[in-house]
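Work through the exercises below with the structure open beside you. Try each task before reading its solution.

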Number of protein chains: 6
Amino acid sequence: MMRLMPPGFARFSQTHSFDITYAGGEANVGIALAQWDVQAVHATRFPQNDIGQAATMYLRKFGLDASAIRYGGERLGLYFVENGANARASQVIYDRLNDSFCTLHPDDFDWEQILQGADWFHFTGITPALSESAAETCLTAVKTARKMGVKVSADVNYRKGLWRWGRTPQEVMPELVEQADFIVCGTSNAEDLFGILPKEGAKSNWESAMRQVMERCPNVKLIVDTKRKSLSASHNELSGRAFDGKHVYKTISHDLHHIIDRIGSGDAFIAGFLYGYDYYEHNVQKALDFGVAAAALKHTVEGDFNLVSVEEVEKLAGGDTSGRLSR
Amino acid sequence: MMRLMPPGFARFSQTHSFDITYAGGEANVGIALAQWDVQAVHATRFPQNDIGQAATMYLRKFGLDASAIRYGGERLGLYFVENGANARASQVIYDRLNDSFCTLHPDDFDWEQILQGADWFHFTGITPALSESAAETCLTAVKTARKMGVKVSADVNYRKGLWRWGRTPQEVMPELVEQADFIVCGTSNAEDLFGILPKEGAKSNWESAMRQVMERCPNVKLIVDTKRKSLSASHNELSGRAFDGKHVYKTISHDLHHIIDRIGSGDAFIAGFLYGYDYYEHNVQKALDFGVAAAALKHTVEGDFNLVSVEEVEKLAGGDTSGRLSR
Amino acid sequence: MMRLMPPGFARFSQTHSFDITYAGGEANVGIALAQWDVQAVHATRFPQNDIGQAATMYLRKFGLDASAIRYGGERLGLYFVENGANARASQVIYDRLNDSFCTLHPDDFDWEQILQGADWFHFTGITPALSESAAETCLTAVKTARKMGVKVSADVNYRKGLWRWGRTPQEVMPELVEQADFIVCGTSNAEDLFGILPKEGAKSNWESAMRQVMERCPNVKLIVDTKRKSLSASHNELSGRAFDGKHVYKTISHDLHHIIDRIGSGDAFIAGFLYGYDYYEHNVQKALDFGVAAAALKHTVEGDFNLVSVEEVEKLAGGDTSGRLSR
Amino acid sequence: MMRLMPPGFARFSQTHSFDITYAGGEANVGIALAQWDVQAVHATRFPQNDIGQAATMYLRKFGLDASAIRYGGERLGLYFVENGANARASQVIYDRLNDSFCTLHPDDFDWEQILQGADWFHFTGITPALSESAAETCLTAVKTARKMGVKVSADVNYRKGLWRWGRTPQEVMPELVEQADFIVCGTSNAEDLFGILPKEGAKSNWESAMRQVMERCPNVKLIVDTKRKSLSASHNELSGRAFDGKHVYKTISHDLHHIIDRIGSGDAFIAGFLYGYDYYEHNVQKALDFGVAAAALKHTVEGDFNLVSVEEVEKLAGGDTSGRLSR
Amino acid sequence: MMRLMPPGFARFSQTHSFDITYAGGEANVGIALAQWDVQAVHATRFPQNDIGQAATMYLRKFGLDASAIRYGGERLGLYFVENGANARASQVIYDRLNDSFCTLHPDDFDWEQILQGADWFHFTGITPALSESAAETCLTAVKTARKMGVKVSADVNYRKGLWRWGRTPQEVMPELVEQADFIVCGTSNAEDLFGILPKEGAKSNWESAMRQVMERCPNVKLIVDTKRKSLSASHNELSGRAFDGKHVYKTISHDLHHIIDRIGSGDAFIAGFLYGYDYYEHNVQKALDFGVAAAALKHTVEGDFNLVSVEEVEKLAGGDTSGRLSR
Amino acid sequence: MMRLMPPGFARFSQTHSFDITYAGGEANVGIALAQWDVQAVHATRFPQNDIGQAATMYLRKFGLDASAIRYGGERLGLYFVENGANARASQVIYDRLNDSFCTLHPDDFDWEQILQGADWFHFTGITPALSESAAETCLTAVKTARKMGVKVSADVNYRKGLWRWGRTPQEVMPELVEQADFIVCGTSNAEDLFGILPKEGAKSNWESAMRQVMERCPNVKLIVDTKRKSLSASHNELSGRAFDGKHVYKTISHDLHHIIDRIGSGDAFIAGFLYGYDYYEHNVQKALDFGVAAAALKHTVEGDFNLVSVEEVEKLAGGDTSGRLSR
């Protein structure tokens, strides 16, 4: 998607220009990993015109492998972002109707070829929400990955407003999530998609719900999640947790004053976790600390992409919040 | 529509921001007249969100009466403009699929109320091209206008690529054009829409074709047109002609070096002609001179809207091309 | 007035451009109400040139009824704003000398016609400060309003430096304020304009002073005021209070970190209060909460105008300061 | 003065920012000379605030000696410039009413001290037009210069609209011009200020009129002038002429396509002429060629100031119009 | 190199920001070809910091294969460009002293691996000018290419000021040029590098000189060149010629009014020629027409890179200079 | 140096433009003092081109006396700044290799003439770090100052990475520092440059170390220092201390939320201290309060220069942190 944002804190009614970046759940994850020298292939569909070409070029700049981008359809999906401050919330207006991604065909992609040599396939709950063909394409990809031994991670990102193509998320998502090894999932996601409620009197609602999610989806080995406390549009607190079926892991809470950009931190989190999981040789606590630190740093970077280095994430994950000038 | 343009001469692949203006055939005509203190009501449909609201506010700023704007649908139509220079052409990419205008309902508008007290109703050939409901709405408006004694002007603006909703322009346009008093029409329009070809050996192809158009559409009393010679993207020549069934009127040719903005001059022309026709008390030659001078000046104004004063148009229509500094 | 501000936090000596907005006490109030679909007519005077025209167009964009704007005089009033941060204060430099408003003539306005059908007439103490003719015009308007049964609200906005045309505010303001139904007034205003001091030992200085103001001005039924604690240029606390002759109403204190724009909150407050007073059917407490929330949100919007929605104000007035991303 | 201009070709009604430069007839001449390492002292008056300080700093940046700038009065004079193109003229709106220069006091300046060691004193016809005290100050300066043996140059810059302080230019200017050694003067200036008309049947109207001006003003030893042909706002032709009482000198005509900035070329011309007159050891033809080339180059520089080097002017004066890339 | 340019036509002394693009002779050629879907590998050296990384990302965006970029050294080479107009020339200031390219080591590159599968190796005369190690690296590359059967093209780009590392171009260049199959060479290059002068009385100086160059360098099969006539900084004429040892081929002259960017057209020319030579199956005339049209279009694109499509070049090469709006 | 910074919070990899300011330790001190009407001469060396000229013009704008700037060498030193926020640190990349300052010649400056009439000579530890000739030049200047009775202040600014020309700071700095009357010095500087460690068990490490520094450098009469606590890139705390050989003076701690610009506060501090020392007639406590308040305000000003007024500093030094709007 193209992301269009008024400069500074201008409201939509005031602005006379839009700053352009590009974005999208899976693209955000891919870029974050590509920045850290992980090879990341992005599979999507853009229109066959100079706007679609500009989108590809932008992704390529940040190191994403663009070989699985397909061209066709009518238009590039857009979204408009208005930057809030203090008690005024940031606002997002989506303009994705019939964009080239929604109208892709499942056989636009030869998943066996695309997934050749891959370690992970990642998708978010936004993709199957957009259209029947997007959901079908996602399912094909997931199944192919599973068959090929490629691990699957899923961000169970339930956005109620998006599901308009005929079937409900409850009908579609479980089949997809069941194929995943790792998922990002919160208490309300569990209820919305699986009808799972925490057991009454449970010490931890999240742990209780996730335990049931794992029972329902036996392939899922690890569930991660972030907790955000929104004190104002400019000031949030952020922490993370993980559950591996036995233990709940937790991180410190990051105090995010002076938020520069509120969007994309969920994608930064899972990208960070996946990176850390490999980097720290499957140490869940360290991977979680890395993932949340990555998400925290995302709030300081303009645009959806988490353009920070491994060193910067490690420093913060290690507890150094000083932001001391680097000469 | 929202018009998004890279600043200066940047190509789509280079730009990191878009300058925002708003545009649209009928809006362009309405704004031009509103600038000249003619009351102009614009009937259209925008989405019910802050982007739609921003569009209304922009039109209102330039004096358009926004009372006939309806709210609903999914999205605001967009178009992207890349500014060319010399041998590199300017480029337009439309993104209107399923915009709020295309999906309007014919009964969104109470034409009797909207047209109350009006002198003219104006539409362009782009409107019926967009969707069945847009075509129906246009036809209802035109017939109501006719019934109420409101004169009708039509810009027979045939854009082949736009007609995708099922019926051909040849099936739709004639019924609409027949209701008009004044039309903007070129030789190729006559062929494309009516199958009319200039008589062989005619002294003037345009006159010959227009004579037949008038025979076919007896309500049409006056046809106007511009002739553009494109020497480069930065340098055009522009003149105008009119035919009232008897005489052909012509203007001088305006030499347009240093084109600032190539778009919207057709709308500036008909707005200028309609204004001049009233201002000069139905003197076709003077109205035509005014209309072409208005179109020529449009090339010096950024955006689709022809933000020039009556005095500026008169000065140029009177032959003063000096552009002498005004202190 | 045109408001000229260096971008970002540049000082006057550093800047190479000014961002342009338009402003003015009564305009700010009118725009805030117009945003909320209240019909608001703004009576002022701009120069008869393209700069004056641009000012009108800007006000019209935000929905103000421009039919009572008069054209004449020499120049548009200006003011320059430098944006402060932390311990460095924001700075305002006025450049209003002999602007078109100061030199208006009392008979430029036919108040009976302008006020036809109005509920409220609002003015600020800045208007009579500017020139003798401005003071006279204001008095005529106020008296006409009173005669017609139009309620009057006044922001007793005493700016010592402005009063330079011959008479003192103590000679001029009381006659104006006495006509008002609602006023914005603080303890120091009461002393400066009426020589009123709180009774010694009074439990509340403000209540004591306002009680005396009401005795002096029997038409005044309600007095409102804000309290601001300035911790730094970037961080203020803001609360409100009202007195109806019997009770003092108070609001919570809003914590305003990350101030985007310091100016116009007084106008946002009275606009909010007047809107809330009607909206909540004369519930003073709710109107006051709404007014202060509106003023608090103003600090997040660039420019003088309070471009926020009723929903946004209600959310904050209801205690939700979370600024949670709206998708 | 501060010069405020919309970026690019935006009209006043479109712009949302102004680019800031500073300007003024005498300042323009002073800056041009300072760029060429001539010591130039600028005597003017700015307000005692950060805007006035910013003006001084801007002049100082370009090398003007700011020691004779006085501080006081109410406001800095402004002017707004809208950049035209092709047939649309550039537009200037002055906003100088009661600026700090108009309200200066003749004894703000100790001319004997300021002129100590100077070769030339230069003034333009705009200064005495602004106010009685400005005219008096100018006369004092001119007389002091004369007394001290400092040569005087005057640009007889008659702007009818400016003369509003009581006396006519015909009453004021002759006494000033009579003190000058060199003047810039055109045929219409001669008529407007001295009532001088070219002799009927004269071979050259300008020569005929200037001969009479010299008879009227025996101190004047040299008169220079430019001829501009305005083909469009983007395309002018410019040449120069000089008369020393005996011969008329002429330059080639410079073809100015692609005008970047139309303003300040008259000041660039006289600055160039004065520089060249000294540089070429009183060779009038060479000085004239240099002055016109400087004026021609001014059209390629944004803002009023002629920021070009001696080498650039010499190259063009020598006939090299190639604009060949310099690496 | 990073290219830093004031926006618009600001002079260095006026600007308060630089627009950033990246550039360099071989990079320009590579990007042009990459835009046209030719795989192009760029071998260079950037510093190991975020500035060097930004340079790589920029090249990658436009499709260049960045796998042969090496990291090390102290700094990225810079150059500053000031945009001229009309008689004021554009100006380039190089700042390459000890940049990471100059200080590369010949064994930073494994040419056999880099050139594996390549059709052409291209270099410009700027590379060997910069330092001894750059010259050695270039020679190694050229010899390896030759050995591997990779064809070599060379732009004999003699910039006198650059040669400062000890040996003269006459000592260094012939050995390099002799390895080339195709070269870009003008009459003065032939004299400067080989001491070759056109035969007296030759019908065509260029043909005469090139014939001798070919005798001197028997591997060179084709020589191409452009002719530029600089009417002003804004207006040039450009044509091309080629010599294959037998015939001289010539193109029409392109009239380049309204030059947007003067730099990079030589690189656009050779890239266009090489592309056309392949595309038109070794038809020299067609390749030459394509190359010159590409160079002509380069003047309409901001920055060094020739971001135009094959279709755009073909249209112009085919004689269509109309720049007609593309919808 | 020229300082190049992406606008807002863009990272180097995201930016498409750099905002330009100029900077440098001694220049920063000089500008701060010049702003406060202290005559300050800056001795440095810039390249002889338009970039060097632009640097001089920028310094001159802010009132620095540019008469001791020399021209020559290859290039202007640069540094790139990326603005951090919250946990993301700001980043500086220096690009000074072989800049015109590093390659100056000691006899470029006639110190007797430059220091004529001066009260103070100030240098920082960065100057001798850059090159042998810079160190020699600094030593000559310091010795000349001492001989002429000009007091010397030194900022012992040890940046390990810069010392690359052959000798160690321990070999070079002591001789320089010994000539100084006042120095800025921290505990780690004392160890790094003199090998001085605080006495074990000392009540105050800094006092203990500084006492030894004074023993080692008997000319040094006063040592000042700042303490910074970095809570995040956006939030620091800052206080100051001074030691006159007998007493340690301390200031309150300034809470710096919302840091606009992190760089240059050390220079602002010593400039403020020197100004205050004179202004408050050698009252060390008051001078220290002024110096730290100046440094605190620096964090609110974009660029390296501390563009704040004496009044602003005094207000903050007096404890008023309110940042209350100034009208």
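**Exercise 1.** This is a predicted model. Find out which elements the buried residues of α7(F) pack against, then work out how these residues are arranged around the helix.

*Solution.* 
Step 1. The packing partners, both in chain F, are α6 (169-177) and α8 (205-216).
Step 2. Helix α7 of chain F spans residues 187-194, and its buried residues are N189(F), A190(F) and L193(F).
Step 3. Looking down the axis of α7(F), these buried residues fall within an arc of 100°, so they line one face of the helix.
Step 4. Just after α7(F) comes G195(F), with a positive phi of about 70°.

**Exercise 2.** Decide how α10(C) is oriented relative to α11(C), and list the residues of the two helices that meet.

*Solution.* 
Step 1. Take α10 (residues 284-298) and α11 (residues 310-317) of chain C; they pack at an angle of about 110°, and their axes are 8 Å apart.
Step 2. Angles of 65 to 115 degrees count as roughly perpendicular, so α10(C) is roughly perpendicular to α11(C).
Step 3. From α10(C), the residues D289(C), F290(C), A293(C), A294(C), A296(C) and L297(C) take part; they meet E312(C), V313(C), L316(C) and A317(C) of α11(C).
Step 4. Sorted by class, this contact has eight nonpolar, no polar and two charged residues.

**Exercise 3.** Describe the contact between chain E and chain D.

*Solution.* 
Step 1. Chain E gives 22 residues and chain D gives 21 residues.
Step 2. On the side of chain E that touches chain D, β6 (91-95) and β10 (222-232) of chain E each supply at least two residues.
Step 3. That side of chain E has seven nonpolar, eleven polar and four charged residues.

Terms used. Residues are numbered from 1 along each chain as its sequence is written. Chains are lettered from A and ligands numbered from 1 in the order in which they are written. This is a predicted model: local features need pLDDT of at least 70, side-chain atom pairs count only at pLDDT 80 or more; totals for chains, interfaces and linings use all residues. Two residues are in contact if their C-beta atoms, placed from the backbone, lie within 7 Å. Helices (H or I, at least four residues) and strands (E, at least two) are DSSP runs, numbered from the N terminus. Ala, Val, Leu, Ile, Met, Phe, Trp, Tyr, Cys and Pro count as nonpolar, Asp, Glu, Lys and Arg as charged, and the others, Gly among them, as polar. A residue is buried if 20 or more other C-beta atoms lie within 10 Å of its own, exposed if 12 or fewer, and partly exposed in between; C-beta atoms are placed from the backbone. The arc is that of the directions from the helix axis to the C-beta atoms. Axes are lines fitted to C-alpha atoms, for helices over the stretch in contact, and angles run from 0 to 180 degrees between N-to-C directions. Angles under 35 degrees count as roughly parallel, over 145 as roughly antiparallel, 65 to 115 as roughly perpendicular and the rest as oblique.
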